[in-house]
Amino acid sequence: MSASHSGRASDLAERLRRDFIIGGAPAPIRTLARGSDARAVLPAVIAIGAFDGLHRGHGFLIDRAVADARARGIAAVAVTFDPDPDAVVAPRPAPKLLTTTDRLRALALSGVDAVVVVPFTRELASLGHAEFFDDVLARALDVRSIHVGADFRLGSSGASTVDVIRSWGAARGVDVFGHDLVREGAGAITATRIRGLIGAGELEAARELLGRGYYVRGCVVRGRGEGTGMGFPTANVARSRMMQMPPDGVYEAWALTDAGEAWPAAVNVGLPPMFSDDPSSSSLEATLLGFAGNLYGQGLAVLFERRLRPSVGFGSRDELIAAVTADIEGVRERFGDRPVAL
């Protein structure tokens with residue numbers, strides 16, 4: 001292998017590790033138990049948020065909290081919620097950019113010293129900021145400084161704004177920082193904006209705001225079995241219906257297996273028109289180029305790179321085979337048919 005080829009392979013592996021949020025030593029994750037918590041209370045600077053997607057704006061907020069903690073010589077802690085508060089209090093919860101497991105792992109790899117997870121309930125949602133900090137977080141943290149976004153709200157109906165929390169903190173010697181949202185192009189970087197971009201198929205623009213590619217994780221289940229009969233076996237991925245999906249169509253992608261290998265993949269999003277009446281049809285199907293094995297029951301994360309074409313109906317099985325074969329060959333030309341070990 002030439003040095004240049006080796007370098008390109010190394011760069012690709014590094015990029016895919018970043019996209020799939022794979023890192024070194026994660027910080028410990030602690031979920032607050034109900035009632036009293038007997039473990040030691042940790043002096044800390046905290047960053048609070050739902051952190052869906054852990055995008056570049058969230059990264060800025062966490063970096064500010066870490067820098068503050070280092071200057072004070074105490075721990076930097078990310079405080080988040082499970083489930084996302086939106087899933088509990090919103091009439092129509094927004095689609096998610098990360099599963100809870102991936103969101104917590106991303107926070108644990110973000111540079112903080114620890115992640116504290118607060119179980120979110122309607123009872124918690126009704127608490128005021130003083131009860132939240134004095135009665136809930138105080139079981140685990142001695143909060144010295146708080147970092148949030150300028151639009152942060154806490155408590156029933158979001159009554160506790162940054163200014164309200166800052167007044168509470170001033171009386172207790174707790175510094176409260178409400179940071180302006182990071183802007184990119186015409187607006188602020190927000191999870192809502194990123195969802196809109198992904199939903200419109202603007203994957204490169206979403207990547208720019210996320211700071212990495214977008215992927216969806218699920219479990220491989222049995223499907224129609226049509227792909228195998230046509231010469232291109234597919235992995236049918238059962239994913240959470242709460243995950244944000246790009247528009248229906250065919251994509252070039254990478255598929256990460258439980259073995260830690262990322263395989264080039266041709267991916268179909270949406271029910272294939274020819275098989276839409278089949279109850280075993282999947283809305284996320286991936287053909288892993290070069291893969292030979294059994295993935296049933298295993299996890300698969302699909303990283304969307306580029307939309308190749310929209311979903312279309314075909315007049316015959318032969319037309320479908322020809323189109324899918326062309327899709328697969330296009331992915332093979334760009335990515336090859338060998339895995340990248342991550």
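In this predicted model, Ile 62 is in contact with Ala 47, Phe 51, Leu 54, Leu 107, Ser 110 and Val 112, leaving aside residues up to four places away in sequence. Ile 62 also belongs to the largest nonpolar core, which has 39 residues; together with Phe 20 and Trp 254, Ile 62 touches the most other members. Apart from this core lies another one of 32 residues, including Leu 124, Phe 132, Leu 141 and Leu 154.

Trp 254 leads on to the strands. This residue stands opposite Pro 264, a residue of strand β12. Strand β12 spans residues 261–269, and eight of its nine residues are buried, so the strand is largely enclosed by the rest of the structure.

| Partner of β12 | Residues of partner | Sense | Bridges |
|---|---|---|---|
| β11 | residues 249–257 | antiparallel | eight bridges |
| β13 | residues 284–288 | antiparallel | five bridges |
| β15 | residues 340–341 | antiparallel | two bridges |

With β11, strand β12 forms a hairpin in which three residues lie between the two strands. Gly 260, located in the turn, has a positive phi of about 80°.

Ala 265 stands opposite Leu 288 in β13, while Ala 262 has Val 340 of β15 as its bridge partner.

In general, side chains in a regular strand alternate between the two faces of the sheet.

Methods. Residues numbered from 1 in each chain as written. Predicted model: local features only at pLDDT ≥ 70, side-chain atom pairs only at ≥ 80, totals over all residues. Heavy atoms only, no water. Buried < 20%, exposed > 50% of the residue type's maximum accessible area, 1.4 Å probe, protein only. Helix = DSSP H or I, 4+ residues; strand = E, 2+ residues; numbered from the N terminus. Pairing = 2+ DSSP bridges. Core = buried A, V, L, I, M, F, W, Y, C linked by side-chain atoms within 4.5 Å. Contact = heavy atoms within 4.5 Å.
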